Amino acid sequence: MSRNFWDFSFENPDKIKPNHIAVYFFAIEQCNRLGWKRKFSLPSSMVMEATSIRSYNSYIKVLNDLIDYGFIELIEKSKNQFTANIIALSKFDEPIYKALDKAIIKQDTKLSESNSESTQQSNDSINKPITINQETINHKQDACEIRDSEIFQKTSEFFSQTTEVLQMRMFGDFKRIENNGKLEQFEKQTIAYIEYKQKTKEVVHRWQNYLSEWETENWIDKLKKEKSKGETEKKAFEQNKSETIKSIEL
């Protein structure tokens, strides 16, 4: 199921948003906990709380999108936000969306052919460099690359985003930041934020609050000042200690 979802997401980046990822994988988790029942209830309030979707209308739109895309089958519609929808996870016996696989295979084939041609032309005086399209390389990066990265693991643990559903939502957040061209700065800020909070023992933001405020503070600069403050206090302590010892010796 997840493979088909990521294939669809790759082929339709304009349709899949972080909330779609969170709701769909929460539904999979719920189905798993119920022993993979064919039909099961999906309480709106529980899904909204787990995925941090605050608006009922926003949640319904996401759910209806997943139904329209064919990932969820609606068996019985809930009457309001306090009752549960009865749903089933759609079965995909044959893979439908294969754009991601095709892109990867196509690139691998091109690379193989280029290497072969390079070998055949090894006696030529000029060796032409193999040029690989950067966009195709970027397409090969999937969820595993981000989720296995050190920054993702460290961030998910620090903000207690450790369940499958929460990590899938966090993955969507990382992708959104990456698409906005801010991932490198976000990683630097987040590393500094975590170290700063660990040093000062100050209250830690909730993940969603941090996402909306990470650019409002220069956490890199705040960490440098905190470290400098610590060094100053350490020097003062050592100086006082030295003076105390000297006074005792006298």
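Two rings of Phe, Tyr or Trp count as a pair here if their centres lie within 6.5 Å, and for Trp the six-membered ring is used. With that in place, please look at the predicted model above. Ring pairs join F152, F158, F159, F174, F186, Y193, Y196, W207, Y210, W214 and W219 into a cluster. Across the whole structure, a search turns up 25 aromatic pairs.

One of those is the pair F8 and F71, which is edge-to-face, with 5.3 Å from centre to centre and 80° between the planes. This pair links distant parts of the chain, 63 residues apart: F8 belongs to helix α1 (residues 2-11), while F71 sits in the loop between α4 (56-68) and β2 (72-76). Are these two residues buried or exposed? Both F8 and F71 are buried.

Now the core. The largest nonpolar core has 48 residues, and the members that touch the most others are F5, Y24, L42, F174 and F186. Helix α2 (residues 18-33) supplies the largest share of this core, eight residues. As for F5, leaving aside residues up to four places away in sequence, what does F5 touch? Its contacts are I16, H20, I21, Y24, F25, L66 and F71.

Last, a cysteine. C144 lies in helix α7 (residues 143-147). Why is C144 called partly exposed? Because its relative accessible area is 48%, and the partly exposed class runs between the buried limit of 20% and the exposed limit of 50%.

Note on methods: Residues numbered from 1 in each chain as written. Predicted model: local features only at pLDDT ≥ 70, side-chain atom pairs only at ≥ 80, totals over all residues. Heavy atoms only, no water. Core = buried A, V, L, I, M, F, W, Y, C linked by side-chain atoms within 4.5 Å. Buried < 20%, exposed > 50% of the residue type's maximum accessible area, 1.4 Å probe, protein only. Helix = DSSP H or I, 4+ residues; strand = E, 2+ residues; numbered from the N terminus. Contact = heavy atoms within 4.5 Å. Phe/Tyr/Trp six-rings, centres within 6.5 Å; stacked < 30°, edge-to-face > 60°.
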